[in-house]
Amino acid sequence: MSTDASTHTTLDDLFRARAERHPERPALVDADGSGARWTYGELNERVEHRTAALVDRGVRADSRVVVQLPGSPRLFEKFLALVRLGAVPVVVPPAVPEPMARSVRRFAGADVSYVVDGPALLQFAGDEVGVPRLAPLDAAEVVRAVSQRAAALDLDEDTVHLAAHPELPVGVPGLLDWLAVLCAGGRVVLGAGAEPDSAFRVVAAERVTHTVLSAPLAGRWTAAAAVTAYDLSSLRTLVVNGGGLDERVARRVLPALGCALRQVFGTAEGLVAATRPQDGTEAAVTGRMSAVSPEHELRVVDHRDREVPTGTEGWLLSRGPDTIRRYWRSPGHDARHFTADGFHRTGATARATDAGLFTVVRGPAVPAGQDTAARVGRRSPAPRSRRTRQHTPEGQTEMTPPTLPYVMPTPATLPADRTGWTLEAARSALVVLNLQTRFVHPLGQAAAPVAELLANAGRLIDGARAAGVPVIHAVPANARRATGRGPVPYARLTGPAAGAAADAFVTRVEPQTGDTVLRARTYSAFASTRLDSRLRELERDQVVVLGLYARADVLLTAADAWARDLEAFVVADAVADVSAGNHAFALEWVADTCGAVTTADRVSAAFDAGQAAAEAV
């Protein structure tokens, strides 16, 4: 295999070299979509035309352009044209939810300046609340990444690579795999789907030699191969990506599919690791990998970043010339995802072996929205019957597992305001939800985003009191429990359910003389409380909402305020939830339907203006 990376400095150089060497060879086949079959010469010509069209539209070498397309010939045409032009593609998997995709577009376009040593590619790496995680690669790093993927996948000019599920959010690592095939002189076949019934037809028709599957798909392929009528003899290598392949399935690959197995683990941040042929078949079957780059360092550590004994499961850390040291303009993400000495926290768990290799036990969590999309086209069997949920007995609690920490949103990532409302201290009241010890402590009072929530909440409560804005605390009543007609209350975390300890508030946000404390029986602070009448007594028609939990109590309180002709302002960085996805969902839903989403700084400024006006009277 050779991508000629040593003699070319950019991805466009690699591709042009292949197009000039054998323009008549097939490069792309859309096996089930448009039916297109493009040679290297035709693809190169289309890239030229698209480059000219981009220039006519004002795209320059100092432009960042978000690319969010499924695996199709159009994706390659647009991506390669941007690379040729010198623009910076910001590649986002197509099934990333629209609110996060919109956040990426805002973030990437917030500053269109471009420096000579800036990135050549920005890779979407995560969808937490806050600024998106974008992994930057310069031109040399892109070439090196493509070369390493070619080595990991054992690619050459005879490779016919099936992109088994191009409609799914395979992300930039998948795109770089496909580009590696082209730069090695092979052919990329965009298939009709990853399930055996459709994929085997394409394998037989196009004489596919390589494909990359997830561990669950590999199991279905090996089971279906025993009964298929399609000729799969062209298969040379099956690559299983992401780790977690059951050893029993791995041992069936050779007898069932007649091809070699290679296991690969990679990250958008740059790590590429794979099983090696020189380590033998047993290493491939058991998933014992090493980094493709010999300079790469890998560690398996506990939750305190201490190395664990060989064979013990721990968190996989990665550092080396191929792994980025920071995200693009995201110091908050840097602090969470990188250690002080520059190791990237991959999010995967692994075990080290005596031979210096490692096995991936579980890959990183699938970003929100992508796990659902990954099941497109596969029907789940209908349940035989639906059993009644067993509710937690009275006096006990149930926990929604938190997926903290995550980064608070910033003004640049907030959903657009559709209300046109202006917050005024003289018209508003501050509604504080669920900031009691029993809810806050299980989430980690000192961890992100709870620490920032409490700091902003304390600042706004102090500012409200100084400006004469009423402070109203809403907490769950003890009677708010499962009754058999619905789910257990949202995120009722471990902790005392009654008594003084249950009623205690977190320091600095506890009620003071003059504040109002209400006990709500459902998520909304308006439900079965006198909040509505209290606001009217105070002649307030705006509510500023903060606290826990964004997707339930905050969202429904804002919705109920709108239903009562009140203006609700949800403070994006003074609310939190058990996951980044819940937090983002709540902000988007409120902004789309019933209220304004704002920040603690903006609310604080409004309160300060109100205090100044009051003092001037």
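Ser293 is found in the loop between β13 (290–291) and β14 (297–301); helices (H or I, at least four residues) and strands (E, at least two) are DSSP runs, numbered from the N terminus. The model is predicted: local features need pLDDT of at least 70 and side-chain atom pairs count only at pLDDT 80 or more, whereas totals for chains, interfaces and linings use all residues. Residues are numbered from 1 along each chain as its sequence is written, and side-chain values use heavy atoms, with hydrogens and water left out.

With 6% relative accessibility, Ser293 counts as buried (under 20% relative accessible area; exposed is over 50% and partly exposed lies in between, with a 1.4 Å probe and protein chains only). The side chains of Ser293 and Glu295 are joined by a polar contact of 2.8 Å. A polar contact is a pair of N or O atoms within 3.5 Å; within protein, one must be able to donate a hydrogen and the other to accept it, and residues adjacent in sequence count only if both atoms are side-chain atoms. Apart from its neighbours within four places in sequence, Ser293 is in contact (heavy atoms within 4.5 Å) with Gln148, Pro321 and Asp322.

## Aromatic pairs

A pair of aromatic rings is described by the distance of the centres and the angle of the planes. Rings of Phe, Tyr and Trp (its six-membered ring) pair if their centres lie within 6.5 Å; planes under 30 degrees apart count as stacked, over 60 as edge-to-face and the rest as tilted. By this rule there are seven aromatic pairs. In one of them, the ring centres of Phe200 and Trp221 are 5.1 Å apart and the planes stand at 85°, so the pair is edge-to-face. This pair links distant parts of the chain, with Phe200 in helix α7 (residues 196–206) and Trp221 in helix α8 (residues 215–225), 21 residues apart. Both Phe200 and Trp221 are buried.

Phe439 and Tyr549 also form an edge-to-face pair, at 6.2 Å centre to centre and 85° between the planes. Phe439 lies in helix α14 (residues 437–440) and Tyr549 in the loop between β21 (542–548) and α18 (550–563), so the pair ties together parts that are 110 residues apart in sequence. Phe439 is buried at 5% relative accessibility, and Tyr549 is buried at 1%.

## Arginines over rings

A charge sits over a ring if NZ of Lys or CZ of Arg is within 6 Å of the ring centre and within 35 degrees of the ring normal. Arg299 lies over the face of Phe343, at 5.2 Å from the ring centre. Arg551 is placed over the face of Phe585, at 4.2 Å from the ring centre.

## The buried face of helix α4

In helix α4 (residues 98–108), the buried residues are Met100, Ala101, Ser103, Val104, Phe107 and Ala108. Seen down the helix axis, these residues fall within an arc of 155°, so they line one face of α4; the arc is that of the directions from the helix axis to the C-beta atoms. The buried residues of α4 pack against the strands β3 (64–67), β4 (88–91), β5 (121–126) and β6 (133–137).

## Cysteines

The whole structure contains zero disulfides, a disulfide being a pair of cysteine sulfur atoms within 2.5 Å. Cys183 is buried, with a relative accessible area of 2%, and Cys594 is buried at 5% relative accessibility.
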